[in-house]
Amino acid sequence: MPLSLRLSIADTLTLGNATCGFMAVYFTTTGILIPHLTGSQETGMARHSAATAVILMLCAAVFDLFDGLVARKLRSSPMGAELDNLSDLISFGLAPAYFVLVYGMVADDAHQRVAAVGAIVVLLAVVLRLARFSCVTPRNGMFQGMPSPFGALTVVAIVLLELPFVATLLAILGTAWLMVSRVEYPKPRGRLAGAMLGWIVLSMGLLVAWAFGAPSGQLLLQTGCALQLVMGAVIPLFATARRVNNFRDNRREARAAQLP
């Protein structure tokens, strides 16, 4: 095959990301939307399907985390960057937006058309964020705007919290704004990548406990979702504080160099 069409190991992980995103849409449709439209009262199936869909998005985030690490250690094909953006659009744009759309159709206090607008905003925010990522070179070690995997998981966490509809919609719109904002988030490297992987594994465990009706499973899941929202708001504050401290240190060093 021509060199430009050969897939590397990193590209294979990226395709795994896209597959997980597509299957998340599949389980959201077959396990939540279709039973609701057909009048099925099987709540256990809907819970299992919702948990499976979110776990698949978490798996997509793991693939997205490792394909970058593998690409830096080994190599990526000339298609690597394009494959990564397209896969992220499926897993962290389409899948969470569709999750919001279905939520607007099945939740008792939700408004379907308003929820559809929120879903479109999430999708467009991810599209704009990925397009900007391809065109803009951010400061070393930082992302400009909330990374799309983190944003997708935050959107899903907001839905799973089961807040009142207006609060849910406002939180979703706020997350979409963070994804296209200039707020800086650190790239998951080194210890931060390990911490992120540990958080994803813990989130999967909480979802499994909730799906199978473990004691306090609902409370544990809501606690995990609330922590996801808190991290989304707090992490950029730490990054901003570090940037301010570095700026002050540089000014102090410059003044000290000017002194006789």
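Colleague: How many nonpolar, polar and charged residues are in the lining of the largest cavity?

Modeller: Keep in mind that this is a predicted model. The lining of the largest cavity divides into 11 nonpolar and three polar residues, with no charged residues. As a general idea, rolling a probe the size of a water molecule over the atoms shows where empty space is left. Here the structure holds three cavities of 30 Å³ or more, and the largest has a volume of about 170 Å³.

Colleague: Which residues lie nearest the centre of the largest cavity, and how many residues line it?

Modeller: The lining has 14 residues, and Val54, Ala157, Ser203, Leu207 and Cys225 are the ones nearest the centre. At least two lining residues come from each of helix H2 (43–73), helix H5 (148–160), helix H7 (191–211) and helix H8 (217–258).

Colleague: Now the open space. What volume does the largest pocket have?

Modeller: The largest pocket has a volume of about 1100 Å³. It is lined by 40 residues, and nearest its centre lie Asp64, Leu65, Arg72, Phe143 and Pro188.

Colleague: Which element supplies the largest share of the lining of the largest pocket?

Modeller: That is H2, with seven residues.

Colleague: Next, helix packing. At what angle do H3 and H4 pack?

Modeller: In general, two packed helices are described by the angle between their axes and the distance between the axes. For H3 and H4 the angle is about 170 degrees and the axes are 7 Å apart. That makes H3 roughly antiparallel to H4, since angles over 145 degrees count as such. The crossing of H3 and H4 is right-handed.

Colleague: Are H3 and H5 roughly parallel or roughly antiparallel?

Modeller: The axes of helix H3 (residues 80–106) and H5 come within 9 Å and cross at roughly 15 degrees. H3 and H5 are therefore roughly parallel to each other. Their crossing is left-handed.

Colleague: What about H1 and H3: at what angle do they pack, and how far apart are their axes?

Modeller: H1 and H3 have their axes 9 Å apart and pack at an angle of about 15 degrees. That makes H1 roughly parallel to H3. The crossing of H1 and H3 is left-handed. Residues of the contact of H1 with H3 comprise 18 nonpolar, nine polar and three charged.

Colleague: Last, the record. Which residues does the UniProt annotation "transmembrane region" cover?

Modeller: The unreviewed UniProt entry gives that annotation to residues 15–38, 50–69, 89–107, 114–131, 151–180, 192–213 and 219–241. An annotated span can then be checked against the model. Residues 50–69 are 100% helix and 0% strand, and the end C-alpha atoms are 29 Å apart. Residues 151–180 are 87% helix and 0% strand, with end C-alpha atoms 10 Å apart.

How values were computed
Residues numbered from 1 in each chain as written. Predicted model: local features only at pLDDT ≥ 70, side-chain atom pairs only at ≥ 80, totals over all residues. Heavy atoms only, no water. UniProt positions renumbered as here; feature names shortened; annotations may be inferred. Helix = DSSP H or I, 4+ residues; strand = E, 2+ residues; numbered from the N terminus. 1 Å grid on protein atoms, 1.4 Å probe; cavity = no way out; pocket = protein on both sides within 12 Å on 5 of 7 lines; lining within 4 Å. Points joined across faces, edges and corners; volume = space filled by probe spheres on them. Nonpolar A, V, L, I, M, F, W, Y, C, P; charged D, E, K, R; others polar. Axes fitted to C-alpha atoms, helices over the stretch in contact; angles between N-to-C directions. Parallel < 35°, antiparallel > 145°, perpendicular 65-115°, else oblique. Left-handed = near helix turned anticlockwise from the far one by under 90°.
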